[in-house]
Amino acid sequence: METWKLWINGEWQDATRTYELKSPYSQEMIATVAKADEKDVEKAIEGAHEAFLEFRKWPAYERAELLYRAVDLIEARKEELAQLLVKEAGKPVKTARGEIDRTIATYQFSAEAAKSLSGETVPMDAAPGVTDRIGWTKREALGVVAAITPFNFPSNLVAHKLGPAFAVGNTVVLKPATQTPLSSLALAEIFKEAGLPDGALQIVTGSGSELSDPLITNDLVKKVTFTGSVPVGLDIKSKVGLKKLTLELGSNSALIVEPDVPLEKIMPRAVTGAFGFAGQVCISLQRVYVHDDIYDEFVDQFVAETEKLQIGDPAEEATDVGSMIHPGEADRAMEWIEEAKKAGASVRTGGERVQNGIAPTVMTDVTPDMNVVCMEVFAPIVTIMKYSDLDEAIDLVNDSQYGLNAGIYTRDIESAMKAADEIEAGAVIINDIPTFRVDNMPYGGVKMSGYGREGVKYAIDGMTELKFITVKTTF
């Protein structure tokens, strides 16, 4: 069994404590991992600050070349890194390979962004009496970024923190999810080999409840970026003060299906969006609103497509749906299913425990107050409901505390634009599932779904400070 240490100031360091990491699928021990304490966090932050004082001086082309070298190294180790995701996250191997491909793209976007950082000229003579000045803006690195990441995309969501930070000359103290530290720790030597200065990346592993406060409240930390649950996000927001902050939180993503849509063409895509990585995706399709005229046909086809999915060992090439991240999460999801059934909901397929997860589950006859509808299930559970007109569908989508991504399938341009204007979400995806994301688009939510935006260009806005400069051209 492997032992993984902390990565501090460019080298592996022991911690006074460790914890045992189990496979989500088999529950077998797969590694022993260092468990950092407050002193380790303080040391990491101080080292990151010292590294920043030099790293911020790097010219843009050198930061870009660093990131391109990291891309090449990740490319060379793609299969090894994908297998780490299978082992620590229980992610099906073909899904894991897709995540590594996206990770590579995210660092490529970051390399390109490093060379594109720019400001703008400001027309000073737009104000009366100011004719002898020129003005312009520039973006400057902040300093130390505290990054806290979740288990569900332990490679690509880390890339969305590290890539933009390094592109502009920030340094990072990374606290990966307790269940998925290995893919982060594997980056340590990749970035060192790529030429990142010692201390510019610090990785502290262990308990989020123990490490979060010393990480986010330290005065040397200038930016906090967190992806995770709403309660933790709200707690962080209450403690960071005037630090810059990005929060990517929960969702219960919805899809509207209008009656003019060819169902056979959209069905495989919709099922993939619902059950990929066992529904443990922030923008996993959870609520489907289908027009009365096609409701029964949609449900029948959706159930039939769902039943084609292969459930099993995530290491097997044929597996579509593996285990959930922890047996307790599967227990919680099953409780929500049973609660809904007792209140009148029907299970059309699935609804039972399978290994350390649950079978892909399709539910109908649900009501808006059921947990499987109004909360974030983060499990392979989809609810399908009917509506009679588009106004009603939009109201149902908006009847949520969340607003990350939403989708609509329609052939009618007026319906599409109406949905785009009236749905309350960070993104409206027309003629695709809300689970759609590419890594250069702005990504983030409204309401309880979060605060700020990711996507490399947009993350950089939150990882830099805008400075204005003006010159008086005459005395």
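Two strands pair if DSSP finds at least two bridges between them. The legends below use this term for a predicted model.

**View 1. Strands E4 and E5 pair in the antiparallel sense.**
The contact between E4 and strand E5 (residues 29-35) runs over six bridges. One partner to look for is Val-33 in E5, which is the bridge partner of Tyr-19. The two strands belong to an open sheet of three strands, in the order E1-E5-E4 and with mixed pairing. Strand E1 (2-4) and strand E4 (17-22) are the edge strands, and each of them pairs on one side only. Direction ignored, neighbouring strands of this sheet are turned by 25 degrees against each other on average.

**View 2. Gln-27 sits in the loop between E4 and E5.**
Most residues other than glycine have a negative phi. Gln-27, a residue other than glycine, has a positive phi, near 65 degrees. Its relative accessibility is 28%, so Gln-27 counts as partly exposed.

**View 3. Asn-431 has a positive phi although it is not a glycine.**
The phi value of Asn-431 is about 60 degrees. This residue is placed in the loop between strand E22 (427-430) and strand E23 (446-447). With a relative accessibility of 41%, Asn-431 counts as partly exposed.

**View 4. Strand E11 (residues 221-227) is mostly covered.**
Six of the seven residues of E11 are buried, where buried means under 20% relative accessible area. Strand E8 (residues 144-148) pairs with E11 in the parallel sense, over five bridges. In this pairing, Ala-147 stands opposite Thr-225 in E11. E11 also pairs with strand E12 (residues 244-248), in the parallel sense and over five bridges. Here Thr-225 stands opposite Thr-246 in E12. Asp-101 and Lys-78 meet in a salt bridge through their side chains.
The distance from N to O is 2.9 Å. Asp-101 is partly exposed, with a relative accessible area of 39%. Lys-78 is also partly exposed, and its relative accessible area is 30%.

**View 5. A salt bridge joins the side chains of Asp-300 and Arg-348.**
Here the N to O distance is 3.8 Å. Asp-300 lies in helix H10 (residues 295-306), while Arg-348 lies in strand E15 (residues 346-349), so this pair ties together parts that are 48 residues apart in sequence. The relative accessible area of Asp-300 is 47%, and the residue is partly exposed. Arg-348 is partly exposed, at 39%.

Glu-422 has a relative accessible area of 39% and is partly exposed. Lys-418, with 27%, is partly exposed as well. Elsewhere, salt bridges that share partners join Glu-79, Arg-97 and Glu-317 into one network. The count of salt bridges comes to 30.

**View 6. Ile-134, Trp-136 and Val-471 form a nonpolar patch on the surface.**
Together these residues have about 240 Å² of accessible area. Val-471 lies in strand E25 (residues 464-472). The relative accessible area of Val-471 is 34%, and the residue is partly exposed.

**View 7. Residues 13-469 are listed by UniProt as "domain: Aldehyde dehydrogenase".**
The listing comes from an unreviewed entry. Over residues 13-469 the chain is 40% helix and 22% strand. The end C-alpha atoms of this stretch are 43 Å apart.

Note on methods
Residues are numbered from 1 along each chain as its sequence is written. This is a predicted model: local features need pLDDT of at least 70, side-chain atom pairs count only at pLDDT 80 or more; totals for chains, interfaces and linings use all residues. Side-chain values use heavy atoms; hydrogens and water are left out. Helices (H or I, at least four residues) and strands (E, at least two) are DSSP runs, numbered from the N terminus. Axes are lines fitted to C-alpha atoms, for helices over the stretch in contact, and angles run from 0 to 180 degrees between N-to-C directions. UniProt positions are given in the numbering used here, feature names are shortened, and annotations may be inferred rather than shown by experiment. Patches are made of residues with over 30% relative accessible area and no salt bridge: like charges are joined within 9 Å, nonpolar side chains (Val, Leu, Ile, Met, Phe, Trp, Tyr) within 5 Å. Accessible areas come from the Shrake-Rupley method with a 1.4 Å probe; for residues, only the protein chains shown count as cover. A salt bridge is a side-chain nitrogen of Lys or Arg within 4 Å of a carboxyl oxygen of Asp or Glu. Buried means under 20% relative accessible area, exposed over 50%, partly exposed in between (1.4 Å probe, protein chains only).
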